[in-house]
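Look at the two chains shown below and at the place where they come together. The paragraphs that follow go through that place step by step.

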Number of protein chains: 2
Amino acid sequence: MDIAIAAFENMAALDAIGPFEVLAHLPDATIHWVGLAPGMVRTEEGAGVGINVDELIEEVPNPDIIVIPGGHGEHALRDNQRFMQWLLAAHETSTWTTSVCTGSLLLGAAGLLTGLKATSHWLALDTLRDFGAEPTLERVVEQGKIITAAGVSSGIDMALTLAARVAGDLVAQTIQLGIEYDPQPPFDAGSPLKAPKESVEFLQASSRFLLTGQP
Amino acid sequence: MDIAIAAFENMAALDAIGPFEVLAHLPDATIHWVGLAPGMVRTEEGAGVGINVDELIEEVPNPDIIVIPGGHGEHALRDNQRFMQWLLAAHETSTWTTSVCTGSLLLGAAGLLTGLKATSHWLALDTLRDFGAEPTLERVVEQGKIITAAGVSSGIDMALTLAARVAGDLVAQTIQLGIEYDPQPPFDAGSPLKAPKESVEFLQASSRFLLTGQP
């Protein structure tokens, strides 16, 4: 089973590494870190982290599973013909096409979400609507072979859901135990419905950056 | 605020990226990816992911916060004098010294956990006892300036706890909302107390690899 995870400049690191840590433990899975150029991309967080592109997108034209992370850098990819052509062609033959966070905006820009229920980072749900999707605050949304996940950390939940589809509940549960995913956040502030009003407003005020890729 | 995250061959990717995604959003924080040699390390999962070492450990001798991830590669570091000397000296002046997963075995090997309550991956708790620590299944354990976290994904919970100590609850809650950490795992299998017996036994049978670094 070939799993392609797209790596690009200014993606969000956890968007990609969350699903990676789950899916890499699937039996007979090969992870392909694919990108536009060989070498390292830097993720979006401050100076970010350097993550290696191991293969060009063209070298992995027919992955079984596609994972598209999000992050500020997503915006620049929307107009990248080369990336979009790969995504569309790969989706033709994929078993599952998935996104995390604003990665769903790339699926939307490719026209894959028209008329479908989908999710994204909570700050990007309106933008998702611009691509003809029906946005929802749900954390993991399955529509046929497309699975979209909410912001950043939700990729872990998405990937465990996907692992169960691909290899059965027991394998997914064993992976969950292996990565000891028994979450106990010290606060219950992970959703705009539950976080302090000040947190919601602060992030809304900063969100122009998230949505346009421009500071 | 200088935050050093150790990057080494065969570390577990999420061990490092979970805390990174949280701590990189602290105000005035600079993340330093430090390691033994310049260039890329590969993480432990299958072919892994390439993560860049941006600075040598010696270039960041006095970080305010130290984050030590775990993973199979931890074992080889226990006998690395250069790494251990850096860790001990950095701990002398750090404000917080933290670990994720089997990263706590490195703190233990450095003698930092003697007589302290501490945690690690659930498969490594007995080994932690060999280093004079008092192991516990708790997810995040704070003992003075040392914080240890349980397996792999627990670094997110640890880092949010730490963010609150460093910058206050509201900042931690805002980071949690930013990364939309509102976990909804599809199964309740993230702890050996709750996972299917078959999952626990399967991982126990594979754990020699986890604990010795040898397949």
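In this predicted model, 100% of the interface residues of chain A are also interface residues in chain B, so the copies meet through the same surface. Counted as contacts, 62 residues of chain A touch 63 residues of chain B. Within chain A, the residues A:Leu177, A:Glu180 and A:Phe187 lose the most area to chain B, and together they make up 15% of what that side buries. For both chains, the area buried between them is about 5300 Å², and 63% of this area is on carbon and sulfur atoms.

How are the two copies placed relative to each other? Two copies of a chain are related by a rotation about an axis and a shift along it. Here, chain A is superposed on chain B by a rotation of 180 degrees with 0.0 Å of shift along the axis, and the RMSD is 0.0 Å. The two copies are therefore related as by a two-fold rotation axis. Which residue of chain A comes closest to the rotation axis? It is A:Ile51, whose C-alpha lies 2.4 Å from the axis.

Several elements of chain A each supply at least two residues of the side that touches chain B: helix H1 (13–23), strand E3 (39–42), strand E4 (50–53), helix H6 (154–167), helix H7 (169–178) and helix H8 (197–212). The largest share, 8 residues, comes from H7(A). Sorted by type, the residues on this side of chain A are 32 nonpolar, 18 polar and 12 charged.

Side chains of opposite charge can pair when their charged atoms come close. Over all chains the count is 18 salt bridges, and between chain A and chain B it is 4. One of the pairs is B:Asp54 with A:Arg42, whose closest N and O atoms are 2.8 Å apart. B:Asp54 lies in the loop between strand E4 (50–53) and strand E5 (55–56) of chain B, while A:Arg42 is in strand E3 of chain A, so this pair joins two chains.

Last, the confidence of the prediction. The mean pLDDT of chain A is 95, and 96% of the residues of chain A reach 70 or more. The model scores ipTM 0.96 and pTM 0.96.

Terms used
Residues numbered from 1 in each chain as written. Chains lettered and ligands numbered in written order. Predicted model: local features only at pLDDT ≥ 70, side-chain atom pairs only at ≥ 80, totals over all residues. Heavy atoms only, no water. pLDDT = per-residue confidence, 0-100. Contact = heavy atoms within 4.5 Å. Buried area = accessible area lost by both parts, 1.4 Å probe. Salt bridge = Lys/Arg side-chain N within 4 Å of Asp/Glu carboxyl O. Helix = DSSP H or I, 4+ residues; strand = E, 2+ residues; numbered from the N terminus. Nonpolar A, V, L, I, M, F, W, Y, C, P; charged D, E, K, R; others polar. Least-squares fit on C-alpha atoms with pLDDT ≥ 70 in both.
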